[in-house]
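Dear colleague,

Please find the structure below.

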Amino acid sequence: LAGFGFLLEEAADTKPSVPTAFSILRLHNSPAEVRTAADTVVHYLENLNRKPKDAKLWKVAITNKAYAARIGRLRGGPELMHAVGYNYAQRGGKGTDRHEVDRAWLVLDGTVSATTGTPISFLTPTMLTVVNERREEVEAEVKAIDGAPSVAATLRAMRLDGATTSETRAAAELVLTYVTNLLLNPKDSRVHRVRVKNPRFQQAVGRLSHGIALMESAGFVLVEAGSVLQLRPINGELDLDLGTTTTKADGANPKFKFPKLDDATEGFLYRRKADLEAAIAHVEAENQAVKAIEADQGNKLRAVRDRDDAEAMGQGGEHNHGGHGGGRKCAAGHTHGGSRGGGGG
């Protein structure tokens, strides 16, 4: 084991891969600590994708309290940051220390010029592709830890397959309700199971692409030939007799037991609750941003129409006073005088 750890540390010095970084993390830290580190890194990478022009997101201070508590203090934490593209930057510039490494900050690869030390203007599509690839690698490791896909990855897939913002939010809100009910009423067998054909479930979740996957991300698995979704304990076997009171005509089920949540499952559900709440908040912020853009576009369109109407009314409102031919214009722009039509005599 010690030799294995030495090899991992040696690999870490040459910019480890995401799987290697997770190997170091799992070797030296608790599953909860590894999960927290992974969630934090995914958060960093998602922010880069959402705000590619925000230079503040391109670097992380080593002394940042959140970073230090969730990643920096862990053995394997800095390696994970290196694996996803955050590395110590050279000072740059023209001084004699330009090649020295500044260990006060972790800086995203490619965002600072190695020759001038100045930041770029925005993350290019190529850079964002790399960021998303690294995020997917981290999410795959998270799935291996929890045995379930992440909430963020599942909702993202749902949107990519055509779900609207309101549909995505409704699905996340219902799954959040299921998770919250489990935490509030862990001994109620009814909240441990959801029937797939339940009308409310079908309307909000089941009919959507990746709807079942969203339930799986919250810890549910399909049982009874795919007709029921049941909470899967993190530690221990799935209890298919959970909450079943009568399986025989002549009496109660001898296997009956009241359901409960072990510590690992309860911790998992609290993490998923936080993930769902964060996802709903993000969907709402995205929806408000879209509404603001639409309102701004609507205001601009109305302004153009008002201008066109004003110009049309101005052209149609010119009145001609007097006869044919030239005349003088008054201050109001009306023509007076001129020759009269029709002969005299």
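Helices (H or I, at least four residues) and strands (E, at least two) are DSSP runs, numbered from the N terminus. The model is predicted: local features need pLDDT of at least 70 and side-chain atom pairs count only at pLDDT 80 or more, while totals for chains, interfaces and linings use all residues. Residues are numbered from 1 along each chain as its sequence is written, and side-chain values use heavy atoms, with hydrogens and water left out.

I begin with helix α6. Gly147, which follows α6, has a positive phi, near 75 degrees. The helix itself covers residues 125–146, which makes 22 residues. From its first C-alpha to its last it reaches 31 Å, close to the expected 32 Å; the expected span is 1.5 Å times one less than the number of residues. Several residues of α6 are buried, among them Met127, Leu128, Val131, Arg135 and Val142. Here, buried means under 20% relative accessible area, exposed over 50%, and partly exposed in between (1.4 Å probe, protein chains only).

The next topic is a pair of helices. Helix α3 (residues 31–50) packs against helix α4 (residues 65–72) at an angle of about 130 degrees, and their axes lie 8 Å apart. Axes are lines fitted to C-alpha atoms, for helices over the stretch in contact, and angles run from 0 to 180 degrees between N-to-C directions. The two helices α3 and α4 are therefore oblique to each other: angles under 35 degrees count as roughly parallel, over 145 as roughly antiparallel, 65 to 115 as roughly perpendicular, and the rest as oblique. Thr36, Ala37, Thr40, Val41 and Tyr44 of α3 meet Tyr67, Arg70 and Ile71 of α4, where contact means heavy atoms within 4.5 Å.

Finally, there is a sheet. Three strands form an open sheet in the order β4-β6-β5, with antiparallel pairing; two strands pair if DSSP finds at least two bridges between them. Its edge strands, β4 (193–195) and β5 (220–223), each pair on one side only. Three bridges link β4 to β6 (residues 228–231); Arg193 has Gln230 as its bridge partner, and Arg195 stands opposite Val228. Four bridges join β5 to β6, with Leu222 partnered by Leu229 and Val223 by Val228. These two strands, β5 and β6, form a hairpin with four residues between them, and Glu224 in the turn has a positive phi of about 50 degrees. In β6, Val228 and Gln230 point one way, Leu229 and Leu231 point the other way, and all are buried.

With kind regards
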